[in-house]
Amino acid sequence: MLKNRTFLIGLGTGIIIGALLFQLMLSGEQSRLKLNERDSSAEEKSYTQVEVDALLKAERDSMQLDQEINAGAEETKTAATPSPVKELPTHTISNEPKATATPVRKAAVKHVIRIEAGTGLSKTAELLASQGIIDDQAAFVQKMKKSKQLVRAGYFLFQERITVDAAIAIVTGEPLTKEQADALTSSKK
């Protein structure tokens, strides 16, 4: 009887340990599946409405800057071609008002600035202020901290003397590629 009792205790203990190991294996498998689901959902980035608005505004601003660059280039071409000048007789007196020269709109100065990876918020504000893009570094830093957005690294196209909100939209938006930045800087020269 003693032989059967030891056998039954060993058999029962083996069944219990086997069941526990099986449960542990199942819970590990479920955890692995949850991690895979989380990883695949991380690839599909969800944007908040504020982020979408900022990205759209940055895109509109860059398109507007491109249009202004093109318009400025056309203005300089038309201003460079001499127009025929009519000589008016000097003895004619007219009561018509003299035509005033139309003011030539000065093309806005644009800067392509590279913000390197790891550049802090205050260094970015100093860089933008030194280039004449923003006037108030403190306001830029304060609004960036309040919005809890991060400055992206890369090349960005700025216009001189823009608002702090516009600068934030640009530095948190999509940066230019190196090729685009090189093309813009080479066209300035």
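Biologist: Of the contacts in the protein between residues at least 6 apart in sequence, what share joins residues at least 24 apart?
Modeller: That share is 60%, where a contact means heavy atoms within 4.5 Å. The model is predicted, so local features need pLDDT of at least 70 and side-chain atom pairs count only at pLDDT 80 or more, while totals for chains, interfaces and linings use all residues. Residues are numbered from 1 along each chain as its sequence is written, and side-chain values use heavy atoms, with hydrogens and water left out.

Biologist: How many helices and strands are there?
Modeller: The protein has 6 helices and 2 strands. These are DSSP runs numbered from the N terminus: H or I of at least four residues for helices, E of at least two for strands.

Biologist: And in what pattern along the sequence?
Modeller: The pattern reads α-α-β-α-α-β-α-α.

Biologist: New topic. How much of the protein is buried?
Modeller: Of its 189 residues, 21% are buried, meaning under 20% relative accessible area with a 1.4 Å probe, protein chains only.

Biologist: Which residues lie nearest the centre of the largest pocket?
Modeller: Glu59, Ser62, Glu174, Leu176 and Gln180 do, out of 16 lining residues. On a 1 Å grid over the protein atoms alone, a pocket is an open set of points where a 1.4 Å probe fits, with protein on both sides within 12 Å along at least five of seven lines; lining residues have an atom within 4 Å of a point.

Biologist: Which elements give two or more residues to that lining?
Modeller: Helix 2 (49-80), strand 2 (154-159) and helix 6 (178-188). Helix 2 gives the largest share, 6 residues.

Notes
Buried means under 20% relative accessible area, exposed over 50%, partly exposed in between (1.4 Å probe, protein chains only).
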